[in-house]
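Welcome! Here is a short tour of how two protein chains meet. Please have a look at the structure first.

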Amino acid sequence: MIRLRLRYSAIYSLLALFLWSANSFASPVISGISTNEINIDHKFLGAQILLFGAKGDAGNIVIAVRGPKKNFLVTRKQKLLGVWYNGERVKFKDAYSFYSLFSTFGPQDPLDSELSEMELGNDNLKFSASGDIGEKAKNEFQIQLIDQMEKNSLYSAGTQRIDFLDETLFKVMLNFPKNIARGTYTVEIYLIHEGSVLSFQSIPIYVNQVGMSAKIFDFAHEESFFYGLIAVALALVVGWLANYLFARFLGK
Amino acid sequence: MQIYLPIAEIPVNVILILMLGLAAGFLAGMFGIGGGFIATPLLMFIGIPPAIAVSTSTNQIISASISGLLAQLRKGNVDIKMGWFLVVGGFLGSTIGVSIFKILQKTGHIDIVIPLVYVIFLGSISVTMLIETIRTLAEKKYGITWEKKKNSRFEKLLKKIEQLPWQVYFPKSDITVSIFVPIVISIGIGILVALMGVGGGFLMIPAMIYILRMPSSIVVGTSLFQIVFIASNATFLQAVTNHTVDIVLAFLMIISSAIGAQFGTRVGYRVDADSMRLVLSLLLFAVCVKMLFVLFAAPPSLYIIEVLK
């Protein structure tokens, strides 16, 4: 219920923003997306969301899509007498589970220090490793994490282009692969001119897991006591029933 | 037909799982064993993560054992007093086992320890069985006899056991034994139940016959009696502490292996015991060899990324 209410309030605020900006022409960039919601079921193969917008002022547009923050564990496999086992492990706390960047900056234009502070760009993402590990080890595991995330299409390598239909109208196709984490994603749209942010807009996308298996998963983790009892009871009842039915209909 | 396993978080073919359960149940029924030793490795071979294969198997074992126990209870073949002592030890053992499991899962070694323990146990059991069976067959066919080694160390151990305190009389089995013996044995087996996803009958039954000296008509029923409780405890604790029991997978396995077991039992009556032992030992050896491949398999990449829940 809370999530639902949140979702509606987000849509309303977006609508209000639209009306307000259309009336006053105060916002140099406005945009919207085709849907605020992605539902993952067992057949989910990924989703595409269309982002469109209009730009009223001079400047460059940067769009960042950030997934919910998660803790990641990176393990280096090691070999002992031919057996692969887990060697050194580094835990990264609160790293983005999804990150995608679009911009009108050309490949030559340096995304300056301000962008780095806002964590715009793969190279500017900040990772914090937990535990006492050296800078060298941290870098090694961080590179591997980013590399794997890129391979899984969860981080997009470098910056992607923004399509302009004319001087002001633009659109971008946001691609979400099948292995995205559930949670709240944010789409951030910046208008940057001469190193300063002229306009900033943030749109949420809710990624939900639906269907029976998601419910069972949640129940097993949140109510593990009852889940355990049910698993045991189910086995006892079915075992007893099988014994009864076979004895009755097949004989011993 | 694909189904998504909610806890294993992978899609599997329902028909494949049902066939696997049928086969495991059939073999279990035919050889008169619990089947965990066959079902758990088979689940791993089709790609179920070892930790989930083990915990889900303990769930299925409850079902298979209660079915067998009810039949044994009807025949009056259960020493319930002895059973309760075994349950006490088994509860302790399986709780320790689940704790070890948790530590291994935390350090990330569980997926390698499970196949390793399997290789050790399957390897030693199948080879011992194979040698024994070949000897018996040779004796029967060609009249070759081997000198029976007197196992003096084992005799000495039994002597020591007789001197232990807290001797208790068990009327059903007509034996007197220190309560430490069944408790210590079942602690050890309880640990294996949690770590391997087996009922442990393959160790419990010989222990009852050779160490506790219970009459052989009672051992199967009494073993099943304690397995029901210990597998229940292990399943519950795995679900609560490690979240590794997949109820959908367990349900499919329970149904299919119950059916398989019925047919297996019927076939088992017609095959003679010695050739059956030979086939079983060869089968366990084959599973052991396949498990070696799991152990030596190269990981998909040198670095593995996991999202922590």
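The notes below go through the interface between the two chains, topic by topic.

This is a predicted model, and its interface brings together 47 residues of chain A and 49 residues of chain B. About 4300 Å² is buried between the two chains, with carbon and sulfur atoms giving 70% of that area. On the side of chain A, the residues that lose the most area to chain B are A:Trp84, A:Tyr227 and A:Asn243, which together make up 13% of what that side buries.

**Polar and charged links**
- Between chain A and chain B, 17 residue pairs are in polar contact, counting pairs with both residues at pLDDT 80 or more.
- The count of salt bridges between the chains is one.
- That salt bridge joins the side chains of A:Arg89 and B:Glu306, at 3.5 Å from N to O.

**What chain A brings to the contact**
- Two or more residues each come from strand 5 (69-80), strand 6 (83-96), helix 3 (135-151), helix 4 (212-222) and helix 5 (224-249) of chain A.
- Helix 5 of chain A gives the largest share of this side, with 17 residues.
- Sorted by class, the side of chain A that touches chain B holds 26 nonpolar, 14 polar and seven charged residues.

- Strand 5 of chain A runs antiparallel to strand 5 of chain B (residues 303-308), and six bridges pair the two.
- Looking across to strand 5 of chain B, you will find B:Ile305 opposite A:Val74.

Note on methods: Residues numbered from 1 in each chain as written. Chains lettered and ligands numbered in written order. Heavy atoms only, no water. Contact = heavy atoms within 4.5 Å. Buried area = accessible area lost by both parts, 1.4 Å probe. Salt bridge = Lys/Arg side-chain N within 4 Å of Asp/Glu carboxyl O. Polar contact = N/O pair within 3.5 Å; in protein donor to acceptor, adjacent residues only side chain to side chain. Helix = DSSP H or I, 4+ residues; strand = E, 2+ residues; numbered from the N terminus. Nonpolar A, V, L, I, M, F, W, Y, C, P; charged D, E, K, R; others polar. Pairing = 2+ DSSP bridges.
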